[in-house]
Amino acid sequence: MTTAALWCVLPAAGIGQRMAADRPKQYLPLQGRTLLEVTLQRLHQAFPASPLYIPLHPQDHWWPAAAERLQQHCPNLQLVPVPGGQERADSVLSALQALEGLAAADDWVLVHDVARPCVTPTDLHNLWSQLHHHPVGGLLAAPVADTMKRSDAQNQVLGTVDRQQLWHALTPQIFRYGLLKAALQQALQQGLTITDEASALEAAGYQPLLVTGRRDNIKITHPEDLPLAELLLQSQQQG
Ligand SMILES: Nc1ccn([C@@H]2O[C@H](COP(=O)(O)OP(=O)(O)OP(=O)(O)O)[C@@H](O)[C@H]2O)c(=O)n1
Ligand SMILES: C[C@](O)(CO)[C@H](O)COP(=O)(O)O
């Protein structure tokens with residue numbers, strides 16, 4: 001019996017508009033390196049044999065220096081930069097297209113936002129061990145902990161939403177290569193808004209599996225998230 005290979009895709013082509021920094025957020029300093037370097041090294045340590053495909057913005061001039069530092073720290077790291085797209089889903093599809101002829105339909109593709117540097121080795125291994133025999137795939141997710149409200153456009157409460165079985169979708173998300181590529185292509189052709197891989201699979205009629213992940217796997221989105229990530233990483237290293 002052959003084992004399906006695992007390929008990693010780390011979308012890094014965003015401009016970090018909500019971060020409002022002097023450069024894309026993935027190149028801001030974190031733990032004495034860049035956010036991108038922290039995230040990529042975590043993925044490589046968990047899955048050392050898997051090549052990392054990195055969709056990049058066409059005007060990204062920070063990448064070469066970051067890639068060089070990474071190769072110095074991790075000589076066996078296989079980094080494959082690919083052109084990013086207009087939206088996150090376009091960037092992911094670009095990496096999947098670059099895998100054509102290399103990945104088999106049953107192979108696994110793990111997609112992780114480069115903007116989530118706090119993902120832990122335990123969560124990465126848990127996701128893989130729970131899904132690697134699954135026919136479709138799934139994602140890390142955290143059950144909603146707060147009371148949930150739905151509002152109108154004027155922020156007036158319309159009602160309280162039942163939070164039972166309501167989850168925050170996190171990354172990584174891991175799916176069979178053939179299914180993910182077909183689902184993303186179809187969803188984008190249909191003009192659907194696709195903010196994660198699971199939504200594309202859902203639109204194609206599949207039911208991805210939710211694997212409970214840590215709540216500190218935050219996405220760096222707003223300025224206050226970066227010092228928080230610094231603290232979370234410190235506390236993970238101490239614990
Ligand atoms: N066209 C895009 C847009 C986003 N991303 C990546 O998708 C992840 C999640 O996106 P988000 O947090 O929205 O990042 P940005 O698009 O950079 O942020 P903003 O929306 O504030 O501009 C990030 O790792 C980002 O680099 C991407 O590869 N290609
Ligand atoms: C994929 C994702 O990180 C799941 O939470 C998220 O949807 C991407 O961020 P965006 O702000 O929706 O682009």
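## Strands around β6

Strand β10 (residues 167-176) is joined to β6 by four bridges, and the two run antiparallel; strands count as paired if DSSP finds at least two bridges between them. In this pairing, Trp108 stands opposite Arg176 in β10. Helices (H or I, at least four residues) and strands (E, at least two) are DSSP runs, numbered from the N terminus. The model is predicted: local features need pLDDT of at least 70, side-chain atom pairs count only at pLDDT 80 or more, and totals for chains, interfaces and linings use all residues. Residues are numbered from 1 along each chain as its sequence is written, while chains are lettered from A and ligands numbered from 1 in the order in which they are written.

Strand β1 (residues 6-9) is also joined to β6 by four bridges, and these two run parallel. Cys8 has Leu110 as its bridge partner in β6. In a regular strand, side chains alternate between the two faces of the sheet. In β6 (residues 108-111), Trp108 and Leu110 point one way, Val109 and Val111 point the other way, and all are buried. A residue is buried if 20 or more other C-beta atoms lie within 10 Å of its own, exposed if 12 or fewer, and partly exposed in between, with C-beta atoms placed from the backbone.

## The nonpolar core

The largest nonpolar core has 56 residues, of which Val9, Leu10, Val109, Leu180 and Leu184 touch the most other members. Helix α5 (residues 177-189) gives the most to this core, with six residues. Such a core is a set of buried Ala, Val, Leu, Ile, Met, Phe, Trp, Tyr and Cys residues joined through C-beta atoms within 7 Å.

Not counting residues up to four places away in sequence, Val9 touches Tyr53, Val92, Ala95, Val109 and Val111. Contact means that the C-beta atoms of two residues, placed from the backbone, lie within 7 Å.

## Helix α1

Helix α1 (residues 35-46) has 12 residues and should span 16 Å at 1.5 Å a residue; its end C-alpha atoms are 17 Å apart, which agrees. The expected span is 1.5 Å times one less than the number of residues.

The buried residues of α1 are Leu35, Leu36, Glu37, Thr39, Leu40, Leu43, His44 and Ala46. Among the elements that cover them are β1, β4 (52-56), α2 (63-73) and α4 (121-131).

## Surroundings of the two ligands

Around ligand 1 there are 23 residues, and Pro11, Gly14, Gln17, Arg18 and Ser91 come nearest. A residue belongs to such a shell if its C-beta atom, placed from the backbone, lies within 6 Å of the molecule. By class, this shell has eight nonpolar, nine polar and six charged residues. Ala, Val, Leu, Ile, Met, Phe, Trp, Tyr, Cys and Pro count as nonpolar, Asp, Glu, Lys and Arg as charged, and the others, Gly among them, as polar.

Ligand 2 is surrounded by Arg88, Asp113, Ala169, Leu170, Thr171, Thr195, Asp196 and Lys219. By class, its shell has two nonpolar, two polar and four charged residues, and β10 gives the most to it, with three residues. Asp196 is found in the loop between α5 and α6 (197-203). Asp196 counts as partly exposed because it has 19 C-beta neighbours inside 10 Å. Asp196 touches Ala169 and Gln173, not counting residues up to four places away in sequence.

## Two other loops

Pro58 lies in the loop between β4 and α2, and it is exposed, with 8 other C-beta atoms within 10 Å. Pro58 and Pro83 are 25 residues apart in sequence and 6.6 Å apart in space, C-alpha to C-alpha.
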